[in-house]
Amino acid sequence: MEIFSTDTTIFHKEIKELLYILEHEKTMEKIAALSSMEAMLLLGTQLDETILNFDKKVFGNRALMEKYQQYMNANYKKFINNFYENKEFHQAYLCEILKIIGEDLQELGEEYRTYNTTYLKEDECIDIITSYLKSIKKENLFYEMIEEKRIFELKRNLDGYNGETVTIINNGDSFIFLKGFDKTIFSLTTLSHELGHIDDFKTIYQKYGIKDSHNLNLLSIYNETISKKYEKDFLYYLVDNNIYKEEAIDILINLYWNDYDVILSTYILSYLPKRLLERDKYQHLTAEEITKYLPEGQKEIGEYVDSLNSTLQDDINYAYGAIISEYLDSNNKDTLYSGYRHKLFNPNFIVENKLLPEDFSKIYQKKLNKLKI
Ligand SMILES: [Zn+2]
């Protein structure tokens with residue numbers, strides 16, 4: 001058994017199905033197909049240059065492309081407006097969470113860990129990831145991806161990501177792309193994260209169908225929640241079962257510091273005026289300029305921000321993913337699908353599901369205690 005495929009047959013097959021949709025289906029289906037196509041072609045041409053040939057067929061229809069752009073822009077606007085309208089909630093909530101994380105994490109050391117990296121054999125990689133997945137009864141997620149040759153290795157950059165999952169919204173099928181997979185515990189953590197996306201999307205697709213699944217990709221701030229859960233649960237599985245335990249602990253602590261950074265970014269962004277949030281214009285600001293917008297008594301956090309590099313949508317997705325994933329029990333993600341999941345952010349989701357800082361604190365402390373050795 002091998003993790004990666006070099007056979008792009010299935011890729012071609014899916015692209016052809018999407019092309020059929022672009023010619024025969026209704027507008028909503030076409031828009032969904034186009035958004036999947038964009039990602040498929042971008043990443044696919046790295047695997048197989050002949051995929052470039054599809055470009056014209058896909059993007060050649062100007063009237064349709066216009067409709068597509070309008071739809072995407074309207075949703076983007078909704079997302080930004082929604083973030084801005086709820087800024088006071090985000091400010092108060094994230095501030096509490098940051099306090100908890102900051103204090104608890106500092107006990108484990110104030111800096112990122114360096115650790116001895118173990119390079120595994122491919123068979124051992126497969127054994128480790130499947131033993132984790134078996135423990136949550138999700139091994140089929142991985143076996144199916146391998147059997148259907150849907151996991152690919154990318155040589156070139158992924159805009160700073162180590163992995164990406166592309167799901168075809170029209171049929172729920174997915175592909176995983178991994179960059180720099182060097183058979184380490186860290187690269188298995190990335191794989192676990194991407195499998196989380198697949199599990200998440202399967203549930204959504206079955207429950208809500210094409211339209212809401214598509215909106216969810218564009219509007220939801222919970223897109224990174226299940227994937228963050230898979231990522232951390234995988235490492236805790238290693239800790240609990242004494243499998244490369246020390247390495248897993250070091251990676252977990254680094255991930256938690258990453259989470260802290262991204263929550264802090266989102267918190268800071270919630271103080272910026274709307275015009276700077278749109279199309280991530282704040283990325284051009286210096287730390288000094290950003291600090292101007294922070295309230296008195298909070299100015300010192302400006303020091304931690306050299307510049308805010310990632311997009312607002314990414315930051316907020318990873319920030320809430322980091323937080324909400326901590327509340328979810330194994331195999332229990334009903335909370336996330338109780339009705340708010342595929343809609344715009346509504347603070348009631350947090351309040352009604354009791355995803356509140358005092359519970360967060362208890363859960364967080366318990367988890368971090370496992371890392372103190
Ligand atoms: Zn992700």
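In which hand, right or left, does helix 8 pass helix 10? The model to consult here is a predicted one. In it, helix 8 passes helix 10 in a right-handed crossing.

Start with the geometry of that pair. Two packed helices are described by the angle between their axes and the distance between the axes. Helix 8 covers residues 185-219, and helix 10 covers residues 245-269. They pack at an angle of about 60°. Their axes are 10 Å apart. That angle makes helix 8 oblique to helix 10.

Now look at the residues that meet. Helix 8 contributes Ile185, Phe186 and Thr189 to the contact. Helix 10 contributes Glu247, Ala248 and Ile251. By class, the contact has 4 nonpolar residues, 1 polar and 1 charged.

Move on to helix 13, residues 312-327. This helix has 16 residues, and at 1.5 Å a residue they should span 22 Å. The end C-alpha atoms of helix 13 are 23 Å apart, which agrees with that expectation. What about its surroundings?

Finally, find Thr286. This residue sits in the loop between helix 11 (274-277) and helix 12 (287-293). Is Thr286 buried or exposed? Thr286 has 12 other C-beta atoms within 10 Å. A residue counts as exposed at 12 or fewer, so Thr286 is exposed. Thr286 also pairs up in space with Leu308: the two are 22 residues apart in sequence, and their C-alpha atoms are 8.6 Å apart.

Methods. Residues numbered from 1 in each chain as written. Predicted model: local features only at pLDDT ≥ 70, side-chain atom pairs only at ≥ 80, totals over all residues. Axes fitted to C-alpha atoms, helices over the stretch in contact; angles between N-to-C directions. Helix = DSSP H or I, 4+ residues; strand = E, 2+ residues; numbered from the N terminus. Parallel < 35°, antiparallel > 145°, perpendicular 65-115°, else oblique. Left-handed = near helix turned anticlockwise from the far one by under 90°. Contact = placed C-beta atoms within 7 Å. Nonpolar A, V, L, I, M, F, W, Y, C, P; charged D, E, K, R; others polar. Expected span 1.5 Å × (residues − 1). Buried ≥ 20, exposed ≤ 12 C-beta atoms within 10 Å, placed from the backbone.
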